[in-house]
Amino acid sequence: MKQHEGNEANGECTGMSRKRFISRRDLLQQTGEGMGGLALAYLLSRNGLLAEPAESKNLSCTGSAGVKDSPFLPKPAHFKPRAKSVISLFMCGGVSQVDTFDYKPMLEKYHGKPLEGKGEVTVRQGYPGPLMKSPYQFKQHGKSGKYVSELFPNIGGVVDDIAFIHSAQGRSVDHTLSSYEWNTGSIIAGFPSVGSWVTYGLGSENQNLPAFVVIQDPRGGPFTGASQWSAGFLPASYQGTMFRALGDPILDLHPPTGSMSLEQQRAELDQLERMNQNYVESHPGISELTARISSYELAFRMQGCAPEAIDIDSESDETKRLYGLDNKVSEPFGRQCLMARRLVERGVRMVQLWNGAVVNQNIDTWDAHNNIVENHGKHALEVDKPIAGLITDLKRRGLLDETLVYWHSEFGRMPLSQKGVGRDHNPGAMTVWMAGAGIKGGQTIGASDEFGWKAEQQIIGAHDLHATLLHLIGMDHKRLTFFYNGRNMRLTDVAGELIPQIVG
Amino acid sequence: MPSVPKTARSWFGVLSVWAIVGLLLLMPGSTILGQKGQSPQVAAVLAKCQQCHGETAQMSHFSVVSRDALLKGGDHGPAVVPGNSAESLLYKRITGQMKPAMPMAPLPPLSPEEIAAVKEWIDAGAPMADAPKPMEVTNKADDSSLLKFGSYSERPVTDTDRKYWAFQKPVRAAVPKLADDRWNHNPIDAFVKAKQEEKGLQAAPPADKRTLIRRAYLDLTGLLPPPAEVDAFVNDSSPNAYEKIVDKLLASPHYGERWARLWLDVARYADSTGYEYDYDYEDAWRYRDYVIKAFNEDKPYNRFVIEQLAGDEIDNPTFDSKTATGFVRLGPRVLDRDLENPNYRFDYMDDMARTAMQGFQALTINCARCHDHKFDPITRRDYYKTLAVFNTFVEYEHPLVSSDEWSKYEKTASDINGKIKAVTQQIAGIEAPYRKDLFQAMLAKLPADIQEAFKTPEDKRTPGQRLLVAQVSTIRATGDEDGDYRAKIKLNNQDEPKRKALEDQIAALKKEIPAKPPVAMGVRDGDFRFTPHAPFQPGTTGSVNYEEFGFKGKYMPAKGESYTPPPIYFAATGLGTFADEMKAPVVEPGFLTVLNPGPAKIASPRNSEFPTSGRRRGLAEFIASPENPLTARVMVNRIWYQHFGQGIVSTPNNFGKMGTQPSNQVLLDWLATEFVRQGWSVKQMHRLIMNSETYKMASAFYNDESLAKDSTDTFLWRFPVKRLEAEIIRDAILSASGDLNLEAGGPAFFPPVPKALVSGASIKGKFPVTKDEPSTWRRSIYATVKRNLKYPMFEVFDQSNPSLSCERRDVTTVPTQALTLFNNESFIVQSQHLAARARKEAGADPAAGIKQIYRIAYSREASAKELQQAVDFVKERSEAASKAGGNSSVLSLSPLAEFAHVVLNSNEFVYIN
């Protein structure tokens, strides 16, 4: 019901205002058998229009929905997958590794001194400053004794479920290019995103929902927006579908207020099907045409299933608190995380959540040039509780083992000061962490140098991360190819090595 | 770092096939060698298989890279039983005896000759070298024409390479004579039918006239034929009735509006830069209009090529030809601190080279950026030879007025700007003391260690303190470094009026600046190394001071000044230091060795507007020459693709070995020679194709046998139905409702999108939120193409990605398309208008309205069954509506509008039959 708030407020809710209740049996008789009628029955039940709402429980928003021809039908993995779904947590703007998970006591000792003997320091803005210690205290957590800064007390509580990688390294000091790199493997615009590759390779377990869902920060999009989840040269259908956190999750999910009632939609759909059938009969043997017929039925299942999938109001208060929904600061990302759990629970293959929007870049993203404490303090509060809640919730529902959760940013930040309080971009070292998918938690992989300036041991590039990610969901990154421009293109180009501690 | 590309191990598999060819040819005892020289054909077949069963991909766990692998087979067992083709899975699959037949779509089935060659080879024991090795590159030490540098050793381009079909000039074959005279009137038909007979396919009968006129209209103009036109055509019994329609449509200005889109896809056209800021390309639309005009004027294609690459370098450049150079510049650009990131320019040039070479030559030269091309005879040096052509470019706004008028404008503007600058300095003088105070105030807010550093006398500062001081440099009126740079410093009562007076002077001066004459976004030659540096942040690392290396030059030399093009160094990427990169040999401009082994013919044009190298002109003329084996073939294939929804070569941007081979090479070659013979006239190609029986065939035709033999309709036994492209679906809807605003050309319009979409997007350019009204009902080609914010309806309907050259649109079918077309407000409004139009034209009777909608949308009469279904539907809807009581919303749909809404969503509407 929540998704129709706007309509109800106008007193013109499609169907609602007319109080025309239809019996489910009538309806099925009227609309003929098959998916269409069931889908509508489901929709009506969601809107309280069905006289027998109890029966609606039989109508499911999961599974293949009888679809025979769709780019999203499940496809066999290359080998037995460790996880079925992926959740990407992208912290837009560049999280400082040395103020969060990559503890560097040496920074205390060398605070205020220039970084010397390490080669040329390239910063994004102006001149490099001297080394700067973290303004945060670090504390050991869990059985693993992992050091985590006081920015993330809640994530500190789940470190034993997380594998930390301190040696991630990118190739660009620019937000956009490095975001492209971690999302597509290439720093050049126009390549397919991880989620597009994953859904191209595996399809989806649920035909009633988009296979690859992106939920951006309610404040706005990240650098370059939708091109971060574009299908690149893969067929366009594999692009991420953006879900909005409030209102109708998908653009044009419902007709505008006052235009069409559900009953009208159904009647039109039936007429559409009759006309399309006439056309198919005169043009036999063309699967595209029949696929187009079922795409309309699917769309109308989605109309009910998508709002249901993200209807977090139906969650218990305890769950809401777990995700930090009781706190204004953490509520928005908490909603995103809770939606992500509901989506993977329903078989959505990949969900990408963004924290950070380029509306006011220095404030709304993690881009802490001006002041680490002000910027990271705010963003950490936004995400700490929700992320810890997500991991806890997935785990207690038995979903963590079949879900890969990975967290990162487009780059790390300099161990140097920017004007005494901020930090500049640093693609040389970034912390990435992964949880779920049966990954051994509490471990630390790779290392940056003593100041956290550059990755030093077991350097992990985007291709390595992507190869590992694909492996966990049962895909060999060398075999997941798409023929384009004369080549079998890969997410990992001609590189990519599995991270043994993750896949082992 | 593990991410660095390692050995090209994964490519060896494919190379090995060619190695096998070589080895087989060398094996004197080989059974293969003796048999009519068929073995290269087997190798070529296996090369096709490798796309899915090679080193990079092993579908069904099967690979064909070695004899062992073939004998071992994959999930379905051994592929080859030596000596017994009948028992060999490979043979069963390629002959289709076992399903699925191989190769799978999109590759065409093998030819009977290829199948015969494989059979012979298997029956001869399937000999293959056991341990295939990568092809030996026999780089002769004395071959000084090959480049050796560091670990790079350029592969030689051999006569064998040149024998590849696409590098051989097309040969005009004799037109076959068919028994059935239906196919003897147009050479296209003869070639197509001959192939069908070879494949045993039965062709469809001709389409009916109504289908044909709708097809022709949508194909050539992207608009629906008005019902009166349809009637007139149906009633015109003259023998050339159809020809007249084709000619009329080709003469229509809407022809260019439809066909330009094809080229804009190839040219990765957009109205904005993409990347983080997505700035507007304010004048990109002039290039778009140029392309539309070029199609409408039937500009000879060879001239079209030359203008886009070198419209500034040709003799007597025109406004149009200079506008055409926008082609070079339109790609995605960062345009932020480009000087500090020299690698950006290399990426831009990569974009130029790849777009030009894929677009005009269908060769993936970009694959040779880091190494010799793995499949085609394109060397890494070839790549740098091409970069040398583009390395002369500087961005330039070509004035579209006489040079007198332009200099007059420039002089006036620069005089006034000089005065403004002087006044601005006076203001700065007044503000200086305040700025000093602000700086102190800001300092006081900074951490203690910075204040301490500032207090410490310069010579006493520690190295760390020196770094801190250097970081704090600028101060803005807001009292910090990052505040609004436009904000004004607050002054006291004495100074404020003084500043105000000066500001008024500036405002008055600004009014005197004359309006800027129109300019086109393009390129000219110059020396990027001397780009005036607007010091955004002095000292930012990365930028190169070329003067320090002893270079002299000028960013844009004026007429009469000397000009030496900047050199390009082999393997330079801008990622290393310049001092290192310049140690590599300088690469001279040139063309692909395989097409042109000698030194490139490049001469500095004499009478161009500015000093210029002639390099782009040299490349353009090389491409546009009738001697070039690719240019004409590539363009006729694109035209063919657009008409039939598939190409003779199904990879229009790649005619290389990894592209698909032509399904009918004689036809392709005949068309290519005809194209040149007809003066590179695109319109003549349309006439030829559209007047063929092949084009005029029915799509509503079914034949079990043909479908089984050629399920993808590669050999065109029936006319393939084609879904309209995103833009044309929208245009057709507007043309059905009668709302289409035919205003042509000019700056882009912005289709209505939700406000939230715009406010959340990463764009610095403009994107006003508009609503449904005539100004947003223009043809889709005039809709803005924003790299970071696509119009959602276009996006879901497979619009091309404007960051890369697009050879063909995908056709995907997904539920979000249905949601958009069915629920989006714009299309609901259009349904109302279509119903209103039908009522106006046919009267209030619902049945008459329905019939009229059929005529408008489908260009045909409704059948009795269809009419009955529709009348029942409208009746049922009327009853339902009256039961429900009135719906007063402006968006509510009348029963007939509901029917119209269904029609606009129907398959028949969004497909060309």
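1. In this predicted model, strands E2(A) and E3(A) form a hairpin with 4 residues between them, and within the turn Gly142(A) has a positive phi of about 65°. The two strands, E2 covering residues 138–141 and E3 covering residues 146–149 of chain A, pair in the antiparallel sense over 4 bridges. Across this pairing, His141(A) stands opposite Lys146(A) in E3(A).

2. Chain A also holds an open sheet of 8 strands with mixed pairing, in the order E6-E5-E7-E1-E8-E11-E4-E12. Strand E6 (241–243) and strand E12 (444–445) of chain A stand at its edges, and each has a single partner strand, so one side of each is left without a neighbour in the sheet.

3. With E12(A), by contrast, E4(A) runs parallel and is joined by 2 bridges; here Ile165(A) stands opposite Ile445(A). E4(A) is mostly covered, 7 of its 7 residues being buried.

4. How many residues does the largest nonpolar core have, and which of them have the most contacts inside it? The core has 328 residues, and those with the most contacts inside it are Leu404(A) and Trp433(A) from chain A together with Val636(B), Ile853(B) and Phe899(B) from chain B. The element that gives the most to this core is H9(A), with 10 residues. Apart from it lies another core, of 25 residues, including Cys49(B), Leu89(B), Tyr91(B) and Leu110(B). As general background, nonpolar side chains tend to be buried together in soluble globular proteins.

5. For chain A as a whole, which has 15 helices and 16 strands, buried residues make up 65% of the 504 residues. Of the contacts in chain A with a separation of 6 or more, 75% are between residues 24 or more positions apart.

6. Chain A is divided into domain 1 (2–59 + 250–308) and domain 2 (85–247 + 312–503). Between them, 8 residues of domain 1 are in contact with 7 residues of domain 2. On the domain 1 side, the largest share, 5 residues, comes from helix H9 (residues 287–309) of chain A, and by class this side has 5 nonpolar, 1 polar and 2 charged residues.

7. A caution about confidence belongs beside that division. Chain A averages a pLDDT of 85, and 88% of its residues score at least 70, but over residues 1–59 of chain A the pLDDT is below 50, although this stretch has 93 contacts in the model beyond near neighbours in sequence. Where pLDDT is low, the predicted coordinates should not be read in detail.

8. The contact between the chains takes 92 residues from chain A and 94 residues from chain B. On the chain A side, the elements giving two or more residues are helices H6 (175–184), H8 (262–282), H9 and H14 (462–472), together with strands E15 (481–484) and E16 (487–490). Among these, H8(A) provides the largest share, 11 residues. By class, the side of chain A that touches chain B has 38 nonpolar, 40 polar and 14 charged residues.

9. The domain assignment of chain B gives domain 1 (9–135), domain 2 (404–512) and domain 3 (825–912), and the C-alpha centres of domains 2 and 3 of chain B lie 65 Å apart. Asp415(B) is placed in helix H18 (residues 403–445) of chain B. Is this residue buried, exposed or partly exposed? Asp415(B) counts as partly exposed because it has 13 C-beta neighbours inside 10 Å. From Pro239(B), Asp415(B) is 176 residues away in sequence and 68 Å away in space, C-alpha to C-alpha.

Technical notes
Residues are numbered from 1 along each chain as its sequence is written. Chains are lettered from A and ligands numbered from 1 in the order in which they are written. This is a predicted model: local features need pLDDT of at least 70, side-chain atom pairs count only at pLDDT 80 or more; totals for chains, interfaces and linings use all residues. A residue is buried if 20 or more other C-beta atoms lie within 10 Å of its own, exposed if 12 or fewer, and partly exposed in between; C-beta atoms are placed from the backbone. pLDDT is the predictor's confidence in each residue, from 0 to 100. Two residues are in contact if their C-beta atoms, placed from the backbone, lie within 7 Å. Domain bounds come from an automatic or database domain assignment. Ala, Val, Leu, Ile, Met, Phe, Trp, Tyr, Cys and Pro count as nonpolar, Asp, Glu, Lys and Arg as charged, and the others, Gly among them, as polar. A nonpolar core is a set of buried Ala, Val, Leu, Ile, Met, Phe, Trp, Tyr and Cys residues joined through C-beta atoms within 7 Å. Two strands pair if DSSP finds at least two bridges between them.
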